[in-house]
Amino acid sequence: MSRTIHPEPPVARRLVTLLRRVHSGQLLIPRFQRPFQWSDEQRLLLMDSIYRGLPIGSIITWRTRYLELSTYPSLAGVPIPAPSEGVVDEFKTYLLDGHQRLTTLYSALGPGLITSDDPNADARVKEQKGDEPVKALYFDLLGESFVFQPNRGGIPGTWIPLAQLFDRHHLREIEDRALEQPNARELIYRIQNLLEVFSDYEVPVISVSTEELEAATEAFRRINSTGVEINQFHMVNARLWTPEFDLQEHVEDLRKRLEARGWGELPDQMLLNTCKARLDLDVYTADVEVISEKIRSRPEILDDTVRSLIVATDFLREHCGIEGPAVLPYSYQVVLLADAIARAGELEAEAEVRLRRWLWATTYAELFAGMSASRLAETLRHVREVAAGAADPLALVGDQPIAPISRFDFRAARSRALMLRIADRCRPQDPDGKPIDALALLAHEGVRATPMLYSTRELGGVALSSRPENRIICTAADVGRVRQLLDGEPNLFFKGSPEFFESHGLDEGAAEAARAGDRREVLRRRRARFVAIEREHVEQIGLSYADDD
């Protein structure tokens with residue numbers, strides 16, 4: 001099997017050379033890079049590391065002869081002139097890793113590289129959206145430290161704006177002003193030293209060559225050490241971007257239509273996956289080039305995708321109690337449902353029942369865990385047939401009994417499903433005995449809406465504290481009072497407290513155990529209640545439920 005990526009030996013490049021390559025359009029910043037996110041402290045630390053001669057890590061670039069991606073016109077508000085027109089076989093170089101560091105440096109020092117030979121720089125920034133400007137950086141000659149432009153008041157005469165460090169004309173003016181200071185000789189020395197440090201500082205540059213966009217994406221995932229996520233959506237956006245069409249902005253406009261339904265936080269990748277299904281592409285394996293060409297030829301598919309998702313999310317809310325992506329057991333479920341419902345047209349009551357059974361059956365059987373491309377394609381075909389009334393909703397699930405879960409993790413589909421079922425059946429109350437909209441609370445707050453009833457210390461370890469029966473549903477503001485009430489504080493009892501206990505899954509026996517301080521018995525009886533609720537739901541779907549160990 002031949003390699004698709006060809007790395008070259010690391011080469012030490014002077015920092016000023018790197019910045020000039022960015023400024024001249026020879027080193028391009030592709031739009032799959034996330035916008036600038038570093039804090040002020042991170043910016044100051046980077047500049048101080050260079051001044052002290054400490055390493056700041058390598059920069060990794062991607063060289064390609066044929067692939068062209070849309071790029072940022074500016075970094076943190078500092079313009080990058082449009083790259084010159086090149087011949088067909090000219091290599092293009094894109095930044096693969098080091099965006100935050102290079103943006104910090106270019107925004108601080110890049111203005112000094114701008115000359116009268118850059119007539120189109122400002123125009124390019126105006127016509128394309130880049131990063132927002134950041135606070136200007138200065139070097140304090142007296143303290144030999146880097147500082148930000150003050151919010152109010154003037155700039156001390158001993159502060160050098162880094163934006164003028166590489167501008168010989170302005171630097172001469174700075175030196176002339178320094179001559180007026182009592183310690184002029186020392187200040188001039190420090191100015192020259194600062195210029196030499198940033199002019200001579202070297203950064204290791206590793207260059208990789210490939211003509212496969214997917215290979216470059218995988219390289220980015222593996223070498224990026226900052227935790228910045230990139231997925232297929234960002235790569236498609238980079239391929240499709242033009243001054244007239246920005247997929248990200250288009251999706252944000254469309255997302256507003258989902259916000260009113262509680263689904264505004266639907267991830268970009270879910271939208272793209274639904275789009276792939278609507279285009280009859282393989283949801284799992286379709287590559288960036290094919291997706292981009294399909295969307296470019298059928299831009300109306302984006303509106304079709306959102307209409308499909310609106311119908312699917314309405315179905316999930318009205319028939320399954322799932323009011324947002326935070327409680328959706330598996331992300332692929334909304335993708336497949338959106339496509340299946342769109343193809344089936346207006347659903348009759350029987351179709352709604354079939355799809356509801358499919359949703360919960362695939363959840364309890366954990367069908368989407370470890371999903372492969374072939375299995376996902378099979379599941380998509382199956383749910384289309386279910387929506388059309390041509391298949392049994394349980395056909396792909398098997399007959400293995402569903403076992404109760406013993407450990408709570410809100411990231412897991414079964415834990416989310418259990419909390420949704422408890423919210424629907426128990427109807428939790430707040431400390432004043434008023435019902436709360438528990439389904440909406442779970443959708444909006446996620447794991448924050450499911451705090452522990454008893455702490456690990458109170459239960460003597462994690463074995464009991466991590467179990468689902470040790471979770472309650474309430475707001476962060478109410479958790480203290482709810483815990484006190486459920487733990488049997490007599491001075492907090494109010495009229496109707498039996499209903500309050502029942503609303504949180506504690507029967508009369510569990511309430512008595514709470515008053516007696518027997519927390520283990522509280523959780524034992526509460527678990528029995530949870531298991532009974534889940535068993536009833538699972539068997540209604542048509543699956544079998546295992547006995548609780």
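Which residues does Ala 443 touch, not counting residues up to four places away in sequence? They are Glu 323, Gly 324, Ala 326 and Val 327, where a contact means heavy atoms within 4.5 Å. The model is predicted, so that local features need pLDDT of at least 70 and side-chain atom pairs count only at pLDDT 80 or more, whereas totals for chains, interfaces and linings use all residues. Residues are numbered from 1 along each chain as its sequence is written, and side-chain values use heavy atoms, with hydrogens and water left out.

**Overall make-up**

- The protein has 23 helices and 10 strands, these being DSSP runs numbered from the N terminus (H or I with at least four residues for helices, E with at least two for strands).
- Of its 549 residues, 52% count as buried, a class that means under 20% relative accessible area, with exposed over 50% and partly exposed in between (1.4 Å probe, protein chains only).
- Among contacts between residues at least 6 apart in sequence, 74% join residues at least 24 apart.

**Helix α14 and its two partners**

- The axes of α14 (residues 349-364) and α23 (residues 519-541) come within 9 Å and cross at roughly 120°, the axes being lines fitted to C-alpha atoms, for helices over the stretch in contact, with angles from 0 to 180 degrees between N-to-C directions.
- That angle makes α14 oblique to α23, given that angles under 35 degrees count as roughly parallel, over 145 as roughly antiparallel, 65 to 115 as roughly perpendicular and the rest as oblique.
- The crossing of α14 and α23 is left-handed, a term for the near helix being turned anticlockwise from the far one by less than a right angle, with clockwise giving right-handed.
- On the α14 side this contact is made by Arg 357, Trp 360, Ala 361 and Tyr 364, and on the α23 side by Glu 534, His 537, Val 538 and Ile 541.
- The residues of the α14 and α23 contact divide into 5 nonpolar, 1 polar and 2 charged, where Ala, Val, Leu, Ile, Met, Phe, Trp, Tyr, Cys and Pro count as nonpolar, Asp, Glu, Lys and Arg as charged, and the others, Gly among them, as polar.
- Helix α13 (residues 331-344) has an axis that comes within 12 Å of that of α14 and crosses it at roughly 160°, and the two helices are therefore roughly antiparallel to each other.
- The crossing of α13 and α14 is right-handed, and in it Gln 333, Leu 336, Leu 337 and Ile 341 of α13 meet Leu 355, Trp 358, Leu 359, Thr 362 and Thr 363 of α14.
- The α13 and α14 contact comprises 6 nonpolar, 3 polar and no charged residues.

**Helix α1**

- In α1 (residues 15-23) the buried residues are Leu 15, Val 16, Leu 18, Leu 19, Val 22 and His 23.
- Seen down the axis of α1, these buried residues fall within an arc of 160°, so they line one face of the helix; the arc is that of the directions from the helix axis to the C-beta atoms.
- After α1 comes Gly 25, which has a positive phi, near 85°.

**Individual positions**

- Ala 443 lies in helix α17 and counts as buried at 9% relative accessibility, while its C-alpha atom is separated by 6.9 Å from that of Pro 325, 118 residues apart along the chain.
- Gln 429 is found in the loop between α16 (413-426) and α17 (438-445), and at 15% relative accessibility Gln 429 counts as buried.
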